[in-house]
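Here is a short note on the model shown below. Please read the points with the structure open.

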Amino acid sequence: MPAVSVLDMKLDRSFDVFDADRDGRLRKSDVTGLSDRLAESLGVAPDAVAGLRGSLEDLWDAVFQKMDRDGDGGVDRTEFRAAFRARIVTDQNRIWDRIRSMSNAWTELGDRDGDGMLSRQEYTDLLHGMFRLPRETFEEAFNGLDSDGDGQLSRDEISRAMKEYYTSEDHTARGNHFFGRL
(Lines give C-alpha, C1' and ligand atoms only; values in the text may rest on other atoms or scores of the structure.)
Protein backbone atom coordinates (compact mmCIF):
# COMPACT_ATOMS: atom_id res chain seq x y z
CA MET A 1 0.00 0.00 0.00
CA PRO A 2 1.54 3.35 -1.02
CA ALA A 3 2.33 5.89 1.68
CA VAL A 4 -0.07 8.82 2.00
CA SER A 5 1.53 12.08 0.91
CA VAL A 6 1.88 15.03 3.27
CA LEU A 7 -0.58 16.99 1.17
CA ASP A 8 -3.15 14.18 1.26
CA MET A 9 -2.78 14.01 5.05
CA LYS A 10 -3.49 17.73 5.28
CA LEU A 11 -6.40 17.55 2.85
CA ASP A 12 -7.87 14.72 4.91
CA ARG A 13 -7.51 16.80 8.08
CA SER A 14 -9.17 19.73 6.32
CA PHE A 15 -12.00 17.51 5.12
CA ASP A 16 -12.52 16.28 8.68
CA VAL A 17 -12.73 19.78 10.17
CA PHE A 18 -15.24 20.86 7.53
CA ASP A 19 -17.36 17.69 7.94
CA ALA A 20 -19.30 18.98 10.95
CA ASP A 21 -21.77 16.11 11.17
CA ARG A 22 -19.01 13.51 10.60
CA ASP A 23 -21.02 11.65 7.94
CA GLY A 24 -18.13 11.45 5.46
CA ARG A 25 -19.72 13.94 3.04
CA LEU A 26 -19.38 17.69 2.84
CA ARG A 27 -22.54 19.62 2.22
CA LYS A 28 -23.18 23.34 2.12
CA SER A 29 -24.56 23.22 5.66
CA ASP A 30 -21.26 21.73 6.92
CA VAL A 31 -19.26 24.58 5.40
CA THR A 32 -21.54 27.52 6.17
CA GLY A 33 -22.27 26.10 9.62
CA LEU A 34 -18.73 27.02 10.63
CA SER A 35 -19.91 30.64 10.94
CA ASP A 36 -22.76 29.65 13.26
CA ARG A 37 -20.42 27.63 15.49
CA LEU A 38 -18.05 30.59 15.67
CA ALA A 39 -20.85 33.02 16.57
CA GLU A 40 -21.96 30.67 19.33
CA SER A 41 -18.46 30.19 20.71
CA LEU A 42 -17.72 33.93 20.67
CA GLY A 43 -21.09 34.74 22.19
CA VAL A 44 -22.11 37.04 19.35
CA ALA A 45 -25.34 37.28 17.37
CA PRO A 46 -25.47 35.31 14.10
CA ASP A 47 -25.61 38.57 12.11
CA ALA A 48 -22.17 39.46 13.51
CA VAL A 49 -20.70 36.66 11.40
CA ALA A 50 -22.58 37.57 8.20
CA GLY A 51 -19.33 38.41 6.35
CA LEU A 52 -17.83 35.05 7.23
CA ARG A 53 -21.04 33.24 6.32
CA GLY A 54 -21.09 35.03 2.96
CA SER A 55 -17.49 34.09 2.19
CA LEU A 56 -18.15 30.47 3.16
CA GLU A 57 -21.26 30.38 0.95
CA ASP A 58 -19.18 31.78 -1.92
CA LEU A 59 -16.47 29.17 -1.27
CA TRP A 60 -19.11 26.42 -1.36
CA ASP A 61 -20.91 27.73 -4.46
CA ALA A 62 -17.78 28.44 -6.51
CA VAL A 63 -15.44 25.69 -5.34
CA PHE A 64 -16.77 22.92 -3.12
CA GLN A 65 -20.06 22.32 -4.94
CA LYS A 66 -18.14 21.78 -8.18
CA MET A 67 -16.17 18.99 -6.49
CA ASP A 68 -19.32 16.85 -6.41
CA ARG A 69 -18.45 14.68 -9.42
CA ASP A 70 -21.25 12.15 -8.98
CA GLY A 71 -23.98 14.77 -8.49
CA ASP A 72 -25.27 13.38 -5.20
CA GLY A 73 -25.28 16.76 -3.44
CA GLY A 74 -22.25 16.07 -1.29
CA VAL A 75 -18.50 15.86 -1.61
CA ASP A 76 -16.76 12.74 -0.33
CA ARG A 77 -13.11 12.56 0.76
CA THR A 78 -11.89 11.22 -2.62
CA GLU A 79 -13.71 13.95 -4.57
CA PHE A 80 -12.36 16.56 -2.15
CA ARG A 81 -8.74 15.43 -2.47
CA ALA A 82 -8.76 15.17 -6.27
CA ALA A 83 -10.64 18.37 -6.93
CA PHE A 84 -8.80 20.44 -4.34
CA ARG A 85 -5.44 19.41 -5.80
CA ALA A 86 -6.62 20.28 -9.33
CA ARG A 87 -8.20 23.59 -8.33
CA ILE A 88 -5.22 24.72 -6.24
CA VAL A 89 -2.75 24.06 -9.05
CA THR A 90 -4.77 26.01 -11.60
CA ASP A 91 -6.31 28.48 -9.12
CA GLN A 92 -9.58 27.58 -10.77
CA ASN A 93 -12.51 29.76 -9.69
CA ARG A 94 -10.05 32.16 -8.01
CA ILE A 95 -9.82 29.77 -5.09
CA TRP A 96 -7.05 31.76 -3.34
CA ASP A 97 -9.10 34.96 -3.46
CA ARG A 98 -12.00 33.07 -1.91
CA ILE A 99 -9.87 31.42 0.77
CA ARG A 100 -8.20 34.75 1.57
CA SER A 101 -11.62 36.41 1.84
CA MET A 102 -12.82 33.71 4.22
CA SER A 103 -9.59 33.91 6.21
CA ASN A 104 -9.81 37.70 6.49
CA ALA A 105 -13.45 37.50 7.62
CA TRP A 106 -12.72 35.06 10.43
CA THR A 107 -9.50 36.85 11.38
CA GLU A 108 -11.48 40.06 11.80
CA LEU A 109 -13.97 38.25 14.03
CA GLY A 110 -11.22 36.68 16.10
CA ASP A 111 -9.31 39.94 16.55
CA ARG A 112 -11.07 40.88 19.78
CA ASP A 113 -8.70 43.71 20.70
CA GLY A 114 -8.82 45.29 17.22
CA ASP A 115 -5.06 45.44 16.64
CA GLY A 116 -5.25 43.69 13.26
CA MET A 117 -3.38 40.64 14.57
CA LEU A 118 -4.32 37.42 16.31
CA SER A 119 -2.76 36.72 19.67
CA ARG A 120 -2.26 33.13 20.80
CA GLN A 121 -5.51 33.33 22.81
CA GLU A 122 -7.48 34.91 19.95
CA TYR A 123 -6.20 32.32 17.46
CA THR A 124 -6.97 29.45 19.83
CA ASP A 125 -10.47 30.77 20.66
CA LEU A 126 -11.21 31.36 16.99
CA LEU A 127 -10.18 27.99 15.61
CA HIS A 128 -11.49 26.05 18.58
CA GLY A 129 -14.85 27.80 18.15
CA MET A 130 -15.06 27.08 14.45
CA PHE A 131 -13.65 23.59 14.25
CA ARG A 132 -14.29 22.19 17.74
CA LEU A 133 -10.84 20.65 18.01
CA PRO A 134 -9.13 20.70 21.42
CA ARG A 135 -7.63 24.06 22.42
CA GLU A 136 -4.22 22.41 22.88
CA THR A 137 -4.23 21.63 19.17
CA PHE A 138 -4.21 25.33 18.32
CA GLU A 139 -1.94 26.46 21.13
CA GLU A 140 0.74 24.16 19.74
CA ALA A 141 -0.06 25.17 16.14
CA PHE A 142 0.38 28.84 16.99
CA ASN A 143 4.07 28.32 17.74
CA GLY A 144 4.64 26.79 14.32
CA LEU A 145 2.77 29.56 12.50
CA ASP A 146 4.29 32.59 14.25
CA SER A 147 7.11 32.96 11.73
CA ASP A 148 8.59 36.15 13.17
CA GLY A 149 8.25 35.07 16.81
CA ASP A 150 6.41 38.22 17.92
CA GLY A 151 3.59 36.37 19.68
CA GLN A 152 1.03 37.53 17.11
CA LEU A 153 -0.23 36.22 13.78
CA SER A 154 -0.61 38.79 11.03
CA ARG A 155 -2.97 38.34 8.10
CA ASP A 156 0.10 37.70 5.94
CA GLU A 157 1.35 34.95 8.27
CA ILE A 158 -2.10 33.37 8.26
CA SER A 159 -2.42 33.65 4.47
CA ARG A 160 1.05 32.13 3.92
CA ALA A 161 0.27 29.34 6.36
CA MET A 162 -2.99 28.50 4.61
CA LYS A 163 -1.31 28.48 1.22
CA GLU A 164 1.43 26.16 2.52
CA TYR A 165 -1.15 23.96 4.18
CA TYR A 166 -3.08 23.43 0.96
CA THR A 167 -0.14 23.19 -1.45
CA SER A 168 3.10 22.02 0.17
CA GLU A 169 4.42 18.47 0.22
CA ASP A 170 7.30 19.67 2.45
CA HIS A 171 7.16 17.90 5.84
CA THR A 172 8.74 20.94 7.51
CA ALA A 173 6.52 23.72 6.07
CA ARG A 174 5.20 26.04 8.80
CA GLY A 175 1.73 25.98 7.31
CA ASN A 176 1.44 22.26 8.01
CA HIS A 177 0.54 23.27 11.58
CA PHE A 178 -2.57 25.20 10.64
CA PHE A 179 -4.98 22.64 12.14
CA GLY A 180 -2.45 21.30 14.63
CA ARG A 181 0.25 18.66 14.39
CA LEU A 182 -0.15 16.16 11.54
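At what angle do α6 and helix α7 pack, and how far apart are their axes?

1. The answer is about 130°, with the axes of α6 and helix α7 (residues 135-145) 9 Å apart. Axes here are lines fitted to C-alpha atoms, for helices over the stretch in contact, and angles run from 0 to 180 degrees between N-to-C directions. The two helices are therefore oblique to each other (under 35 degrees is roughly parallel, over 145 roughly antiparallel, 65 to 115 roughly perpendicular, the rest oblique). The crossing of α6 and α7 is right-handed: right-handed means that the near helix is turned clockwise from the far one by less than a right angle, left-handed anticlockwise.

2. On the α6 side, the contact uses R120, Q121, Y123, T124, D125, L127 and H128. On the α7 side, it uses R135, F138, E139, A141, F142, N143 and L145. Contact means heavy atoms within 4.5 Å. By class, the contact of α6 with α7 has six nonpolar, four polar and four charged residues (Ala, Val, Leu, Ile, Met, Phe, Trp, Tyr, Cys and Pro are nonpolar; Asp, Glu, Lys and Arg charged; the others, Gly among them, polar).

3. The model is predicted: local features need pLDDT of at least 70, side-chain atom pairs count only at pLDDT 80 or more, and totals for chains, interfaces and linings use all residues. Residues are numbered from 1 along each chain as its sequence is written, and side-chain values use heavy atoms, without hydrogens or water.

4. Helices (H or I, at least four residues) and strands (E, at least two) are DSSP runs, numbered from the N terminus. Buried residues of α6 include Y123, T124 and L127 (buried is under 20% relative accessible area, exposed over 50%, partly exposed in between; 1.4 Å probe, protein chains only).

5. Check R132, in the loop between α6 and α7. Its phi is near 60°, positive in a residue other than glycine. R132 is partly exposed, at 39% relative accessible area. R22 also has a positive phi, about 55°. R22 sits in the loop between α1 (6-18) and β1 (25-26). Most residues other than glycine have a negative phi.

6. R77 lies in helix α4 (residues 77-90). R77 is partly exposed, at 30% relative accessibility. Beyond four places in sequence, R77 touches D12, F15, D16 and G24. R77 and G24 are 53 residues apart in sequence, yet 7.0 Å apart in space, C-alpha to C-alpha.
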